[in-house]
Structures are given as structure tokens and as C-alpha cells.
Amino acid sequence: MDDALSIITNVGFPAGLCFILLRHILHTMEEKLDKLDLSLHELIEVIKELNDGNRHSSKSRKPDE
């Protein structure tokens, strides 16, 4: 809070408020992007597992004669 007050007194209220809001938005976006990255990695692992399962089941099937 002291940092925010220092910014406001040094650069003015509108500029300080813009800086604080930008910092908040960037922090929020970073958290959301981290969650999205984790979800994508989990999805990739599930897709790999499904593909591996399909390969094994297709190899074990005998062609119809």
C-alpha cells in the first residue's frame, strides 16, 4: 500500500491509478494464462494416452478373412 501511495504522490492520481490497474490486470492475466497452460499440458497427455491406447488395440485386432 505504501508503494501505491508513493506512486500517487509522485506522478499524480490518474497516472498512479492507471499503473495500479495495469499491474492488477497483468497479474490476473498471468494467473489465468498459467492455468490455461496447465490445462493444455493435461489435455496433451490425455490425447497421447488415447492415441497409445488406439495403437495397441488396432495392433491386437486380427484382419477379417
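The model is predicted: local features need pLDDT of at least 70, side-chain atom pairs count only at pLDDT 80 or more, and totals for chains, interfaces and linings use all residues. Residues are numbered from 1 along each chain as its sequence is written, and side-chain values use heavy atoms, with hydrogens and water left out.

Start with the fold. The protein chain has 2 helices and 0 strands. Both terms refer to DSSP runs, numbered from the N terminus: helices are H or I with at least four residues, strands are E with at least two. Helix α1 covers residues 2-11. Glycine 12 follows α1, and its phi is positive, near 100°. Helix α2 spans residues 13-60.

Now look at burial. Buried means under 20% relative accessible area, exposed means over 50%, and partly exposed lies in between (1.4 Å probe, protein chains only). Buried residues make up 3% of the 65 residues in the protein chain. In α1, the number buried is 1 of 10 residues, so this helix lies largely in the open.

Next comes the surface. The accessible surface of the protein chain is about 6,300 Å², and 62% of that belongs to carbon and sulfur atoms. Such areas come from the Shrake-Rupley method with a 1.4 Å probe; for residues, only the protein chains shown count as cover.

Two patches stand out for a reader. Patches are made of residues with over 30% relative accessible area and no salt bridge; like charges are joined within 9 Å, nonpolar side chains (Val, Leu, Ile, Met, Phe, Trp, Tyr) within 5 Å. A nonpolar patch of about 930 Å² includes Phe13, Ile25, Met29 and Ile47. Isoleucine 25 sits in helix α2. This residue is partly exposed, at 47% relative accessibility.

The other patch is negative. Glu30, Glu31, Asp34 and Asp37 form it on the surface. Asp and Glu count as negative, Lys and Arg as positive; His and the chain ends are not counted. A charge is placed at NZ of Lys, CZ of Arg, CG of Asp or CD of Glu. Aspartate 37 belongs to helix α2 and is partly exposed, at 41% relative accessible area.

Last, the salt bridge. The term means a side-chain nitrogen of Lys or Arg within 4 Å of a carboxyl oxygen of Asp or Glu. The structure holds 1. It joins the side chains of arginine 55 and aspartate 52 (3.5 Å, N to O). The two are 3 residues apart in helix α2, so about one helical turn separates them.
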